Amino acid sequence: MNSYRDLLQKSDSDIFAALEGEERRQQAGIELIPSENYTYPEVLCTLGSVFTNKYSEGYPGRRYYGGQKFTDTIEEIARERAKDVFRCEHANVQPLSGSPMNQAVYLGLLEPGDTILAMDLSHGGHLTHGAPVSFMGKLFNFIRYKTNPVDGSIDFDDLRKTALEHKPKMILCGYTSYPRDLDYTAFKKIADEVGAITMTDASHYGGLVAGNVMRNPFDYGFDIVTTTSHKSLRGPRGGIILCKKEYAARIDKAVFPGLQGGPHMNTIAGIAITLKKAAEQDFHKYGLQVLSNAKTLATELTKAGAHLVTGGTDNHMMVVDTEKSYGIDGKLAEEVLDSVSITTNKQIIPDDPNPPLKPSGIRIGTPAATTRGMQDADMVKLAGWMIETLKNPEDLNLAKQTKSEIESFCSSFPVPGL
Ligand SMILES: *Cc1c(COP(=O)(O)O)cnc(C)c1O
């Protein structure tokens, strides 16, 4: 690895300088974007390996190019480990990221124009769950269910009524900004009543399912689970589709040749490594700490007067209504936190009256901070810094002092691989 770095430094100082800058940035601040994480050094090793040179269109044993002895090995290992970790019958590890992963499921199992019942975007659904601006939103007929913003519950009576009326071919649950676990039994019951396929997009919390600290949709009879590999799972950027055997052939065909060409074998090697680690006891402990850190952070923020959407969290994330809590919009909240080296992202809240680029809240999560070894006592400190900063968004002296405290705090939590 080091020799690669030396080469880069000599041959391209611009990119090398940016790399070093990003390394310093990741080390110096606290990463609270709930979809981000730090991957393992072993994964960084495979990402920068000769596996990136190889074309492997097709699947193990059925490729369109020669020279597949070692690529077949890593893909077979990755698939088997995925099936074990998620307790399911089939796995496809080729999707290049989360969005093509979901597209492949829709394209493989549905016809254009078919109806999908999914969570409303402002209540926590993802762009790929049929936002009008997304390609999938144009191709399929998405209808929406919402959550109760007071307690975060999903109104299953209303969801059932909608399902009976629209007869969706698929009921999709899973989210990108919803701080609760899901009642898969209730989704499955309604889906069975209308004959819909059940799909969970566990992109955010796939690692917490793998670590057995959140519910596994397959335990409740779900047909399809998708997850990114780079969020709570801590792997390289990619997507994994997990499903019952009866859907395997259609899913595989939709990924390749339906949607993609050559898979990224350097990523797939990293996914295999990630899944081995996900089966270990340490990863279960990691998952428990992610949840505990989120609970502690949520409790501390709430004690100091913050309004959290749904009143708290059962998972790795929370959404703070910054308008209600501090009288500032999410864009400004993100900016002032950035100025003290705390990274979050602005977030629309359910039925947000504000526009998406200046929404009413921010979204924060604990997977990345937990990877660096931060624990509950650290969350108490972190909450203190956040509250002071958000209550005094114009106090530049305070910001300067807080930033320096945070950067010195961060120096005792190394970033894996640095
Ligand atoms: C992150 C995410 C995706 C998309 O993943 P990308 O890798 O960014 O394409 C899809 N669904 C959900 C719920 C997500 O959180």
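Which element gives the most to the lining of the largest pocket? The answer is α2, with 5 residues. The structure is a predicted model, and the largest pocket in this model has a volume of about 1,100 Å³. The second largest pocket has a volume of about 530 Å³.

**Largest pocket**

- The lining of the largest pocket comprises 31 residues, and those closest to the centre are Leu19, Gln26, Thr39, Leu44 and Leu47.
- Two or more lining residues come from each of α1 (2–11), α2 (13–28) and α3 (41–47).
- By residue class, the lining of the largest pocket divides into 13 nonpolar, 9 polar and 9 charged residues.

**Second largest pocket**

- A total of 28 residues line the second largest pocket, and Gly125, His126, Leu127, Thr176 and Arg363 lie nearest its centre.
- Both α5 (98–109) and β13 supply at least two residues of this lining.
- The element that gives the most to the lining of the second largest pocket is α5, with 4 residues.
- The lining of the second largest pocket divides into 7 nonpolar, 17 polar and 4 charged residues.

**Backbone geometry**

- As background, most residues other than glycine have a negative phi, and most peptide bonds are trans.
- The peptide bond that joins phenylalanine 256 and proline 257 is cis, with an omega of about 5 degrees.
- Proline 257 belongs to helix α10, which covers residues 245–259.
- Lysine 167 is not a glycine, yet its phi is positive, near 45 degrees.
- The position of lysine 167 is in the loop between α7 (156–166) and β7 (170–174).
- Lysine 167 has a relative accessibility of 51% and therefore counts as exposed, the cut-off being over 50%.
- Aspartate 351, also a residue that is not a glycine, has a positive phi of about 50 degrees.
- The loop that holds aspartate 351 runs between β13 (345–347) and β14 (361–365).
- Aspartate 351 counts as partly exposed because its relative accessibility is 47%, which falls between the limits of 20% and 50%.

**Cysteines**

- A disulfide is a covalent bond between the sulfur atoms of two cysteines.
- The number of disulfides in the structure is 0.
- Cysteine 243 takes part in no disulfide, and the nearest cysteine sulfur, which belongs to cysteine 88, is 7.2 Å away.
- The cut-off for a disulfide is a pair of cysteine sulfur atoms within 2.5 Å.
- Cysteine 243 counts as buried because its relative accessibility is 0%.
- Cysteine 410 is likewise buried, with a relative accessible area of 0%.

- Strand β9, made up of residues 224–228, contains threonine 227.
- With a relative accessibility of 1%, threonine 227 counts as buried, since the cut-off is under 20%.
- A polar atom of the side chain of threonine 227 lies 3.3 Å from the backbone oxygen of alanine 202.
- Leaving aside residues up to four places away in sequence, threonine 227 touches Phe86, Met101, Ala202, Ser203, Gly206, Gly238, Gly239, Ile240 and Leu242.

Note on methods:
Residues numbered from 1 in each chain as written. Predicted model: local features only at pLDDT ≥ 70, side-chain atom pairs only at ≥ 80, totals over all residues. Heavy atoms only, no water. Buried < 20%, exposed > 50% of the residue type's maximum accessible area, 1.4 Å probe, protein only. Polar contact = N/O pair within 3.5 Å; in protein donor to acceptor, adjacent residues only side chain to side chain. Contact = heavy atoms within 4.5 Å. 1 Å grid on protein atoms, 1.4 Å probe; cavity = no way out; pocket = protein on both sides within 12 Å on 5 of 7 lines; lining within 4 Å. Points joined across faces, edges and corners; volume = space filled by probe spheres on them. Nonpolar A, V, L, I, M, F, W, Y, C, P; charged D, E, K, R; others polar.
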